[in-house]
Amino acid sequence: MKLHNKIVQAFMFVSLLTCGACTDLSDTVYSEITEESFSKNPSSINLLIGKVYTSIGTYIAATNPNFSPFYYNVCTTDEMFIPFRNVTKEWNNAKFSDAYQHSWTPTTQDLDKNWEKCFGIITSANMAIDQVNSFDGMEQHLKDVTIAEIRMARAYAYYLLIDLWGDVPYTVSSSDKTSDIKKKTSAEIYNLMMKEFDDCLPLLKEAKKDKSTTYGKFNYWAALALKAKYLLNAKIFLETDRVNPKYADEKTGLDECIDICDELMSPEAGFELEKDYFTNFKAHNENSKENIFVIPFDAVYSKDNFTLGFGYARHCLHASQTPVYNGTVNGQNGFSVYPSLYKTFEDFDVRKNGLNAGPQFDASGKPLKCIKAQMKNPDGTFMDLDFKVDFDINNCDEMSGARFQKYEYENGIITDAMNNDFVVVRLADIMMMKAECLMRLADGQATQEAVDLVNEVRNRSISDPSRYDFYDTSNLTMDALLEERRREFYGEALRRTDLIRFEKFTDMDWVDDIHMDRSKIRTEKYRTVFPLPANYLKTAPQIEQHPYYQ
């Protein structure tokens with residue numbers, strides 16, 4: 001049994017002891033793990049905090065793609081989206097076009113489900129912290145370290161919340177009632193989280209650092225990487241005006257972010273760039289030396305527990321591709337890749353292999369076929385399936401767009417469940433973050449150290465050695481760095497945050513390559529955050545909607 005199966009099983013077991021994720025942030029009744037039934041060994045601790053990690057798993061898992069916050073971090077950007085394939089009448093729902101047209105509202109369908117997923121993590125964390133605090137017989141240092149880990153999981157949830165929604169309700173106790181919870185600004189929450197890191201990181205640093213026993217958990221290294229993420233985005237989180245943002249604190253946090261990146265890049269941390277880029281995304285990627293924090297999944301054990309598991313194969317694959325993988329995955333033909341993403345790769349860049357374009361074949365080399373009645377040849381036979389890189393959003397069919405296959409789709413893949421662990425942060429990101437900090441501190445100019453870091457990450461994926469060390473201090477601009485981040489991290493739910501930080505999110509230049517009608521695009525600056533869901537506001541009248549969405 002692979003390492004993280006044991007963790008997932010613990011999460012499944014604890015989910016039987018607790019109710020589902022809270023939808024109104026309070027008043028959830030939990031069955032308790034009593035002090036009498038609790039022992040001080042690590043397995044008992046895993047049971048206690050397992051619900052927290054189960055809740056984190058729902059950030060990626062979804063029965064439908066738009067039920068996951070992952071969707072809104074990818075499909076609102078120039079990476080991929082779910083188009084209405086109007087020729088073949090697939091995915092005809094306004095909630096999908098809302099994302100790529102930036103036209104969401106407080107009542108946009110399923111935004112409230114994403115809200116619930118994020119606050120479900122906080123609710124579970126608050127319950128676990130209060131419960132650990134109630135155990136008088138638990139050794140104090142163990143209690144402190146356990147609570148520190150849970151607080152870091154909660155800090156991750158607040159990172160997602162202020163990134164997605166900006167100013168949000170703030171609660172750190174399971175006894176809080178909905179009517180008592182107040183909204184805080186993203187700046188206030190950012191500063192509160194800095195205090196959380198000050199309190200928790202020393203405790204986690206003293207604790208055992210053996211990554212093999214803390215895989216998929218907020219150990220010291222994962223918590224440190226999370227703090228670096230906060231610091232890198234400080235200028236966004238500390239901005240109080242979303243309509244006319246000024247970003248006065250451009251360099252806040254960058255020096256400390258560099259220090260953290262250096263620590264994560266040190267021999268003591270023990271992380272290394274994998275020689276093969278795709279090792280990080282294999283079906284069994286738990287042995288990656290590059291991945292710092294992942295969300296564990298298992299095709300069997302996490303399937304039902306995580307609301308049908310990590311199932312993005314279902315939404316990326318075409319139904320005709322099922323026999324290719326000898327599995328039961330029911331491809332829904334959803335996500336398409338923006339042409340500009342596919343074309344940003346040179347042929348000698350192996351990262352391009354994570355995107356599937358062109359004619360499709362089965363294992364024997366026989367062409368796969370389209371399946372819709374509209375996709376027939378004049379003689380009545382179905383057309384060969386051929387994913388077209390270039391397409392017109394107004395004339396989409398089932399072959400429009402290259403497809404995402406960065407995460408390995410293994411032989412025998414199960415519908416809605418993959419064995420791959422979802423990568424939240426890895427060493428390549430830390431290296432690119434340091435390069436970005438160095439450039440921002442130099443007013444956007446590349447330093448030689450920044451160039452070396454970006455080249456090291458890029459070179460690993462270049463098959464032609466004559467193309468190594470492409471960047472120098474003259475051509476590594478901020479725009480070039482942003483594009484290199486797109487090539488390295490596509491499909492990792494980082495792009496929306498990157499575009500906002502580089503002040504490109506509302507430009508939406510990428511709509512041109514699919515011939516989208518710009519009159520349908522909302523480009524208001526405030527769309528760097530989403531509206532608070534109308535369904536939530538009905539239960540919390542003391543919380544006001546963001547003024548620009550009222």
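Buried means under 20% relative accessible area, exposed over 50%, and partly exposed in between (1.4 Å probe, protein chains only). This is a predicted model, where local features need pLDDT of at least 70 and side-chain atom pairs count only at pLDDT 80 or more, while totals for chains, interfaces and linings use all residues. Residues are numbered from 1 along each chain as its sequence is written, and side-chain values use heavy atoms, with hydrogens and water left out.

**Exercise 1. Cysteines**

Work out how many disulfides there are, and say whether Cys75 is buried or exposed.

Solution. 
- Start with the rule: a disulfide is a pair of cysteine sulfur atoms within 2.5 Å.
- Check burial: Cys75 has 1% relative accessibility, so it counts as buried.
- Now Cys437: the nearest cysteine sulfur, that of Cys257, is 3.7 Å away, and Cys437 is in no disulfide. Cys437 is buried too, with a relative accessible area of 0%.
- Tally: the count is zero disulfides.

**Exercise 2. Confidence**

Find the average pLDDT of the protein, then look at residues 1-32.

Solution. 
- Recall that pLDDT is the predictor's confidence in each residue, from 0 to 100.
- The protein averages 88, and 89% of the residues score at least 70.
- Over residues 1-32 the pLDDT is below 50, yet this stretch has 80 contacts in the model beyond near neighbours in sequence (contact means heavy atoms within 4.5 Å).

**Exercise 3. Cavities**

Count the cavities of 30 Å³ or more and describe what lines the largest cavity.

Solution. 
- Set the rule: on a 1 Å grid over the protein atoms alone, a cavity is a set of points where a 1.4 Å probe fits but cannot get out, and lining residues have an atom within 4 Å of a point.
- Applying that gives four cavities of 30 Å³ or more.
- The largest cavity holds about 270 Å³ of space. Its lining has 25 residues, with Tyr156, Tyr159, Lys229, Val424 and Leu494 nearest its centre.
- Helix 8 gives the most to that lining, five residues (helices are DSSP runs of H or I, at least four residues, numbered from the N terminus).
- The second largest cavity holds about 50 Å³. Among the residues lining the second largest cavity are Ile162, Phe237, Arg242 and Thr528.

Methods. On a 1 Å grid over the protein atoms alone, a cavity is a set of points where a 1.4 Å probe fits but cannot get out, and a pocket is an open set with protein on both sides within 12 Å along at least five of seven lines; lining residues have an atom within 4 Å of a point. Grid points are joined across faces, edges and corners, and a volume is the space filled by probe spheres set on the points. Helices (H or I, at least four residues) and strands (E, at least two) are DSSP runs, numbered from the N terminus.
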